[in-house]
Amino acid sequence: MNLEPVPFSAEQYWQDNKTHILLAASGSVAVIKLPNIAEALGRHRNVSIRIIVTGSAERFLRGQSYEQPFLKSILQIPGVDAVYQNDDEWKNPWTRGEPILHIELRKWAHLLLVAPLSANTMAKMTMGIADNLLLSVIRAWDTTGAVDSTFRQSKPIIFLAPAMNTAMWNHPITQKQLTILHDEWGLSDSNKEGWVTVLYPVEKTLACGDNGNGAMMDWKDIVIAVEHHLSLDSTNASNNG
């Protein structure tokens, strides 16, 4: 999906004076809010966005409705520089010495936002499974900040916006996974070594018709949380996109 003629290398962008947001979506109906999030963050003149969609997420963006445009149309949003799918990792035979996409994306990103984070991807993330591009980026994340310290001063954080059916959210295994994400890996005043921030879902009538908790946090609030963390000035955002 990305239009880059040569293998992507993060080093080419280290001195571009832009804030690099890696925006990702996994398989939940809340994927339909991905264009809104990308457009809102892309209004900042100094922001560069690269997007990862899992195979399941891509199925929600095939032109089914106004809210579900074709995935390739997201490339037209100002600030979006590339959209990656799983096949982009190994679409060309790899040669020793060439960049590896999931490593380069980690090195490039100042922040990774996964919105939505599906129940399946949450489970795999907490188990360390890396069977697609997004999970490979997460598994290779520099959780201590030591690996990439030669070219960056601060450790990037992963923001997670879970979205799932209420019964999935209330399932006991979800609570165990949240213990890992929030209590063990979470960045907080009591855990300065953390590298994850969970943007908790909200209660509403879900797309499936059920009522309860599990709906992704309002996309506007997600954008505000990211802007606050990255110190993006809303007055420096373009009104015309």
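## Basis

The model is predicted: local features need pLDDT of at least 70, side-chain atom pairs count only at pLDDT 80 or more, and totals for chains, interfaces and linings use all residues. Residues are numbered from 1 along each chain as its sequence is written, and side-chain values use heavy atoms, without hydrogens and water.

## Helices α4 and α7

Helix α4 (residues 119-127) packs against helix α7 (residues 172-184) at about 50°, with the axes 10 Å apart. Helices are DSSP runs of H or I with at least four residues, and strands are E runs of at least two; axes are lines fitted to C-alpha atoms, and angles run from 0 to 180 degrees between N-to-C directions.

In the contact (heavy atoms within 4.5 Å), M122, A123, M125 and T126 of α4 meet T174, Q177, L178, I180 and L181 of α7. These residues comprise six nonpolar, three polar and no charged.

T121, M122, K124, M125 and T126 of α4 are buried (under 20% relative accessible area, 1.4 Å probe). Just after α4, G128 has a positive phi of about 80°.

## The sheet

Six strands form an open sheet in the order β5-β2-β1-β6-β7-β8, with parallel pairing (at least two DSSP bridges per pair). Its edges are β5 (80-84) and β8. Five bridges join β6 to β7, and L112 stands opposite I158 in β7.

Helix α8 (residues 219-230) lies across β1, β6 and β7, at about 165° to β6.

How values were computed
Ala, Val, Leu, Ile, Met, Phe, Trp, Tyr, Cys and Pro count as nonpolar, Asp, Glu, Lys and Arg as charged, and the others, Gly among them, as polar. Buried means under 20% relative accessible area, exposed over 50%, partly exposed in between (1.4 Å probe, protein chains only).
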